[in-house]
Amino acid sequence: MEDTKNRNTFTGSIGFVLAAAGSAVGLGNIWRFPYLAAKDGGGLFVVVYIVLALTFGFALLTSEIAIGRNTKVGPLSAYSKLKKGWKPLGILSCLVPFIILPYYCVIGGWVLKYFIVFLTGKGALAAESGYFGGFITAPVEPIVMTLIFLAFVALIVFLGVNKGIELSSKIVMPVLLLLVVAISIFSLTIKFTGDDGITRNGMQGLKVYVVPSVKGIGVKGFFTVVMDAMGQLFYSLSIAMGIMVAYGSYVDDKDNLVKSINRIEFFDTLVAFLAGVMIIPAVYTFMGAEGMKSGGPSLMFVSLPKVFTAMGPIGNVVGAAFFLMVFFAALSSAVSVMEAIVASFIDEFEIKRVTATTFETVIAAIVGIIVCFGYNRWYFELKLPNGAVGQILDIMDYVSNNFMMPIVAILTCVLIGWILKPQFLIDEIEKNGEIFRRKKLFVVMIKFVAPILLFILFLKSVGILTII
């Protein structure tokens, strides 16, 4: 039985930073960041993202980690422990990962499938038209892959904070970073002459990525870039999902939060940037500007397999390395999502870790199977408020990411900025005599700037604000 008095903690700041960075480095960084950068003026998006990460993202990340360490409980119980009557915010922040985990494991199963395909030298099959659609609409295989991926996640969470999450992070993250750097360097060295006779190379693709382009952007376009970058920060920093509250609750009171938060920001921004270096130069080299227009599953499971196959015999090796890296990224993120739920159950209902993990695994498996059915026997299309058309997975993603997460973030700003007051968390951050250099920035962001930006993002996400 875990409780706040005998609660496990990370053995050191490195373990916490790697676990938190592992949560942040997920599918959103890898398949969404490059697409948004290509869509939103390349370097312009990158600059806006970095500025927001160091201001807006920093304020929310700091708040959630400090809330976790102060309360020493998971997100379900943390907010009511801070302030009586704020239980609904805890419930909402716990529902977000509860909704995300099943469909994230489905996508993790897709990644596992593609890793196996490239590892066995069959990457050319994955590049064929209709291969991805044929796989996800199959009646059995997607379910099997989902359950295998979920089993990996559950095993790590079952082993606990130190032997599971921290240990796996210390193994997975260095390998993941090594693969990211290696693939990024390789992506810059490639060259290809297309059927049109035009020769393109990785360095030209890098230029498309890093050089800011404001051509045709305008005021409306710039606001779109800002909103896209803000939305990306939710994925990148794992904020408004209860994750950082849960991980913060395992941080020892003696650890330096300021240094840890700075390191998490650095790792996240580095990997997000390198995700673009990995993908954009390669896609541009082999597919030209047209190839830059896809994002999400289409980018990862349709466009990139074609790129790897076009590389020739080495394509299977590069593809296997890439999908292994993506698997590690998805695994570390899924572990953090499940841990936010499990920690909440342990603290709220005073049950053992094995019970909480088993219960959540069963629920995630059932819902994950339903998500898989959404591509075959239960397939339908529904137009969402933001204009997108989707089915079960897309609906769950929309509800959690576009609707619930902005609300969690807004209410967190209200609670910390106006009810408890920022000094409450500043005292937590500085409790060991640390120098909180961005203290004034934190106050301004959490009280004024972040709530306004979040409210605009929420209105845009639910389709009420359409002029941006």
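Me: In this predicted model, are helices H5 and H14 roughly parallel or antiparallel to each other?
Reply: Helices here are DSSP runs of H or I with at least four residues (strands are E runs of at least two), numbered from the N terminus. H5 and H14 (residues 296–310) pack with their axes 11 Å apart and at an angle of about 10°; the axes are lines fitted to C-alpha atoms, for helices over the stretch in contact, and angles between N-to-C directions run from 0 to 180 degrees. Angles under 35 degrees count as roughly parallel, over 145 as roughly antiparallel, 65 to 115 as roughly perpendicular, and the rest as oblique. H5 and H14 are therefore roughly parallel.

Me: Which residues of H14 make the contact with H5?
Reply: A contact means heavy atoms within 4.5 Å. From the H5 side come Ile107, Trp110, Val111, Tyr114 and Phe118. Facing them in H14 are Pro297, Met300, Phe301, Pro305 and Phe308.

Me: Good to know! Where does the numbering start, and which atoms do the side-chain values use?
Reply: The model is predicted, with local features needing pLDDT of at least 70 and side-chain atom pairs counting only at pLDDT 80 or more, while totals for chains, interfaces and linings use all residues. Residues are numbered from 1 along each chain as its sequence is written, and with hydrogens and water left out, side-chain values use heavy atoms.

Me: Now H16 and H17: what is the relation of these two helices to each other?
Reply: The axes of H16 (residues 353–373) and H17 come within 7 Å. Val367, Ile370 and Val371 on the H16 side meet Ile392, Leu393 and Met396 of H17. The crossing angle is roughly 125°, and H16 and H17 are therefore oblique.

Me: Which helix gives the largest share of the nonpolar patch?
Reply: The patch covers about 410 Å² and is made by Val414, Trp418, Ile419, Val444 and Phe448. Patches take residues with over 30% relative accessible area and no salt bridge, joining like charges within 9 Å and nonpolar side chains (Val, Leu, Ile, Met, Phe, Trp, Tyr) within 5 Å; areas come from the Shrake-Rupley method with a 1.4 Å probe, and for residues only the protein chains shown count as cover. Helices H17 (392–419) and H19 (439–461) each supply at least two of the residues. The largest share, three residues, comes from H17.

Me: And what is the relative accessibility of Trp418?
Reply: Trp418 lies in helix H17. Buried means under 20% relative accessible area, exposed over 50%, and partly exposed in between (1.4 Å probe, protein chains only). Trp418 counts as partly exposed because its relative accessibility is 40%.

Me: How many residues apart in sequence are the parts that Lys87 and Glu348 tie together?
Reply: A search of the whole structure finds 12 salt bridges, each a side-chain nitrogen of Lys or Arg within 4 Å of a carboxyl oxygen of Asp or Glu. In one of them, the side chains of Lys87 and Glu348 meet at 2.6 Å, N to O. Lys87 lies in H5 (residues 87–119) and Glu348 in H15 (residues 315–349), so the sequence separation of the parts tied together is 261 residues.

Me: One last one: is Ser238 buried or exposed?
Reply: Ser238 sits in the loop between H11 (218–237) and H12 (243–248). Its phi is near 55°, a positive value in a residue other than glycine. With a relative accessible area of 2%, Ser238 is buried.
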